[in-house]
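Try each task before reading its solution.

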Amino acid sequence: MSATRAVAPPARHAAEPVRPGRSVPTVLRHLAFATGAALVVLVLSYQLDSFRNFQLATVAAYLCATAGLTVLTGLCGQLSLGHGALMATGAYTLALVQNAFAERGLTAGGLLILSLAVAVLATVVVGAVVGVAAARLRGPYLAGLTLAVAVVVPALTVTFNGVFNGEQGLSVPMAPAPRALGPYFPYERWQLWTAAVATLLCLVLLANLVRSRYGRAFRAVRDDEVAARLAGIHVARTQVIAFVVSAASAGLGGALLAVLAQSVSPGAFGLTLSLFLLMAVVIGGLGRLAGAVWGAFLLVALPDLTHSLTSLFTLSPAAAQRLEGNLPLAIFGVTLIVVMIAAPGGVQGLLSRLTGTLRVRWRHHRS
Amino acid sequence: MEDGLALHHIGVRFGGLTALEDVSLRVCPGEVVGVIGPNGAGKTTLFNVVCGFVTPQTGSLSLDGRPLRPRPHRLTRLGIARTLQGTGLFAGLTVLENVMAGATHTARAGLLPALLGLPRSDRDERRLREHALTVLDELGIATHAGAAPDTLPFAVRQRVGLARALAARPRLLLLDEPAGGLGAEDVDALADLIRGLPHRAADPCAVLLVEHHMDLVMAVCDRIVVLDFGRVVAAGPPEAVREDPAVVDAYLGATVEAERSEAERRHEQ
């Protein structure tokens, strides 16, 4: 457990304060929150240009994966170095299903929902298999297993060339935006809407789960397995549930990435992606869905940032390309170390501490 | 009567080491039974056998006359709860959540209602929360419900551990060194509490107690079982056990050592 413990500080702020007599159903509260977020995205989709729309859609796709990972690693204490591969599972499944539809002349846009569902289902199956194995392993052995998944899955796409088309990958045929939106409706805005709706639904489900007894069981298992068993919690089953839920989220994220890029290739889902996801989740604030949001933004913003950083210097094109390829990982690594030292609770931990202080000051000021 | 928990001729060996040999004991409803013995006498192994962490090589267990094959996560379902040495609390959960976790087996809503946030799951949670608050109130620590365990004094944390076990509504409570690390006043309060457990208005429970603290054991137990080198060397009411020459020999000779190790442990803390 020690390896996992090292990255999982006690999620004190995730602890629910005592609020007796609340009667608004959890699902309504979370749906209301999601509706608010959807309205913000809607406004932004008209305010931002096409490229930013596309970037925001990519944030949404990554957010599914980081949210799932933060539940698994932050709440249930299971380290996964394989979430990039689970994203690949979702992405490739979606590509295969979309291609199968296209070959049969089925081009209705609504079929995308079915494709996404199949992609999530496929990832659930893979996640269940890995999860059952993972529930038997702890610490470095668990890391090793998930690392193997991260390496094997992209390699499979090359081995089974006929199905996955090797390094080239697959193209993903997508229906255009609905005609009702008008002929000049930017496709990127439609992409953002699609990704945002799927991601918000995913977040609502995760938030419901985290607030339920399962969320409590996740944290209990993370903190003390013996005590959890004596409290009547089936540790292995709880860990498998966490893994499957997390895998499903990652699968949806991967499928959305495929929808956005309209193509999938193994290069996009390498070990680096898994490491990036983990670092993003830790920097954002492990074990918190809000932290996963910061992490997802970081995942999209950082390559952008390094691009503008390298363009500040006059470099040979080859050197610039090399630098751009490696700089994000380096910056991510350094940020991770700084965050671990300065704010172990991540960005979200820092924020909730800040708002806590402000609230106390405000109360003090008023009285 | 076959009511309660019974151990029949339990034997446990770890490699060449005999941890328990031919140990039989019974805890009937309404009873407080103490298990004492020097360090390494097999007290904790005995608990681990009852909880299913250790499978005995010989002998059997029964609960209310039916054979018992314990598995740790099924215990609370059978009406048995156990506290852990130290406190064994979940550091990342509030006091209230810790106690709610103890009542996990009473939750009815499955994964789907939880995922969808359905009212059924909410009702479950509200019921667990109210039950947990009742237990915290009974133990006089309801004011700490929202606190993180790490921020509380040891005596309070120890009560939270007790509350978590009681939240499972056990018919039999296993207490693993509940007085460890407590001051004299706290031990007295704990003694009153343990004596009251079989007579609680709601969910009365029998108690099986493993403890080093002789005064506590003598004060609360109806019967005492003395272990030494994995064997039962004496059993009976406190006054009889206290006089037993075998006990004086085996146990009191070792109390000095036990107290020394206790002092060392406190020093380390």
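Domain bounds here come from an automatic or database domain assignment. This is a predicted model, in which local features need pLDDT of at least 70, side-chain atom pairs count only at pLDDT 80 or more, and totals for chains, interfaces and linings use all residues. Residues are numbered from 1 along each chain as its sequence is written, while chains are lettered from A and ligands numbered from 1 in the order in which they are written.

**Exercise 1.** Find the domains of chain B and the distance between their centres.

*Solution.* Start with the bounds: domain 1 of chain B covers 1-79 + 175-269, and domain 2 covers 89-169. Next, take the centres over C-alpha atoms; they are 26 Å apart. Finally, count contacts (C-beta atoms, placed from the backbone, within 7 Å): seven residues of domain 1 of chain B meet seven residues of domain 2 of chain B.

**Exercise 2.** Describe how helix H12 (residues 271-285) of chain A packs on helix H14 (residues 317-342) of chain A.

*Solution.* Helices are DSSP runs of H or I with at least four residues, numbered from the N terminus. Axes are lines fitted to C-alpha atoms over the stretch in contact, and angles run from 0 to 180 degrees between N-to-C directions. For H12(A) and H14(A), the angle is about 30 degrees and the axes lie 10 Å apart. Angles under 35 degrees count as roughly parallel, so H12(A) is roughly parallel to H14(A). Now list the contact residues: among them are A:Phe276 and A:Met279 of H12(A), and A:Phe332 and A:Leu336 of H14(A).

Note on methods: Contact = placed C-beta atoms within 7 Å. Helix = DSSP H or I, 4+ residues; strand = E, 2+ residues; numbered from the N terminus. Parallel < 35°, antiparallel > 145°, perpendicular 65-115°, else oblique.
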